[in-house]
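Good morning, and thank you for making the time. Please keep the sequence and the model in view while I speak.

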Amino acid sequence: MASILNRRLLTGLLLLLLSCLILPVKAATTIPALSLTDPVPTLPLEPYLQYAGTDRETGLDGALGLSYQPVTTSRISLGYVRQACWFRFRLENAGDGLLKLVIAIHFPMLDHATLHIPANTGVKVLTAGDAEPYGVRALQVRFFNYPVDLAAGSGQDYYLRVDTSSSFI
């Protein structure tokens with residue numbers, strides 16, 4: 001009788017342990033949201049970013065199905081990678097007015113950095129990068145800046161594709 005109880009307890013503990021190991025993988029299927037209200041201060045996105053590496057040919061449709069991992073450091077530092085990286089994040093406007101935002105990448109040595117903004121009407125694409133013509137930038141400044149509008153009471157998922165021959169520092 002005691003042997004059966006010990007086996008059940010051991011089985012229960014093992015299942016609990018396995019569920020704890022599985023939960024972090026499931027957590028990456030949802031995007032943690034950064035809730036904003038006016039005035040919006042300058043905020044780092046790293047605590048809200050998730051990333052996935054993929055071949056250089058993967059477009060947004062393929063990126064939507066990737067397995068994303070959370071960024072667990074205060075700065076993105078992936079070193080040299082031979083593949084394209086996708087980053088995703090979610091912004092929510094908790095206020096009652098339109099938010100005009102600028103998403104900035106303060107690392108000007110990325111070859112291609114393309115922000116994809118999916119919507120019901122299609123996908124808005126904003127392009128930047130040191131291998132892209134300067135004139136294609138939405139804001140023609142030193143760093144890569146993407147102006148976005150966020151309607152009152154709404155949320156938006158963003159997907160950033162980075163492909164570069166330099167390091168991710």
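This is a predicted model: local features need pLDDT of at least 70, side-chain atom pairs count only at pLDDT 80 or more; totals for chains, interfaces and linings use all residues.

At 14% relative accessibility, T58 counts as buried; here buried means under 20% relative accessible area, exposed means over 50%, and partly exposed lies in between, with a 1.4 Å probe and protein chains only as the basis. Residues are numbered from 1 along each chain as its sequence is written, and side-chain values use heavy atoms, with hydrogens and water left out.

Where is T58 found? The residue sits in the loop between β2 (50-54) and α2 (60-63). Helices (H or I, at least four residues) and strands (E, at least two) are DSSP runs, numbered from the N terminus. The side chain of T58 makes a polar contact of 2.8 Å with the side chain of T54. By polar contact I mean a pair of N or O atoms within 3.5 Å; within protein, one must be able to donate a hydrogen and the other to accept it, and residues adjacent in sequence count only if both atoms are side-chain atoms. Leaving aside neighbours within four places in sequence, T58 is in contact with A63, W86 and R161, where contact means heavy atoms within 4.5 Å.

R161 deserves a word of its own. This residue lies in strand β9 and, with a relative accessibility of 14%, counts as buried. Not counting residues up to four places away in sequence, R161 touches R56, E57, T58, A84, C85, W86, H112, A113, T114 and H116.

Let me now turn to the chain as a whole. There are 2 helices and 9 strands, and along the sequence they follow the pattern α-β-β-α-β-β-β-β-β-β-β. Of the 169 residues in the chain, 33% are buried. Among the contacts with a separation of 6 or more, 68% come from residues 24 or more positions apart. The accessible surface of the chain is about 10500 Å², and 59% of that surface belongs to carbon and sulfur atoms; the areas come from the Shrake-Rupley method with a 1.4 Å probe, and for residues only the protein chains shown count as cover.

Why is strand β4 (residues 84-93) described as largely enclosed by the rest of the structure? The reason is that 8 of its 10 residues are buried. Its pairings come next; two strands pair if DSSP finds at least two bridges between them. Strand β1 (residues 33-36) runs parallel to β4, and 4 bridges join the two. Within that pairing, L36 has N93 of β4 as its bridge partner. β2 runs antiparallel to β4, with 5 bridges, and G53 stands opposite C85. β9 (residues 155-163) also pairs with β4 in the antiparallel sense, over 8 bridges, with R88 opposite Y159.

On β1, A33 is partly exposed, with a relative accessible area of 31%. A33 and E92 are 59 residues apart in sequence, yet their C-alpha atoms are 6.4 Å apart in space. Not counting residues up to four places away in sequence, A33 touches Y48, R90 and E92.

Leaving aside neighbours within four places in sequence, L98 is in contact with N93, D149, L150, A151 and A152. The C-alpha atoms of L98 and S154 are separated by 9.4 Å, at 56 residues apart along the chain.

β5 itself has two faces: L99, L101, I103 and I105 form the covered one, and K100, V102 and A104 the uncovered one. β5 pairs with β8 (residues 144-150) in the antiparallel sense over 7 bridges, and A104 stands opposite N145.

How many residues line the largest pocket? The lining has 29 residues, of which L45, E46, A104, I105 and H106 lie nearest the centre. β1, β4, β5 (99-105) and β9 each supply at least two residues of the lining, and the largest share, 5 residues, comes from β5.

How values were computed:
On a 1 Å grid over the protein atoms alone, a cavity is a set of points where a 1.4 Å probe fits but cannot get out, and a pocket is an open set with protein on both sides within 12 Å along at least five of seven lines; lining residues have an atom within 4 Å of a point.
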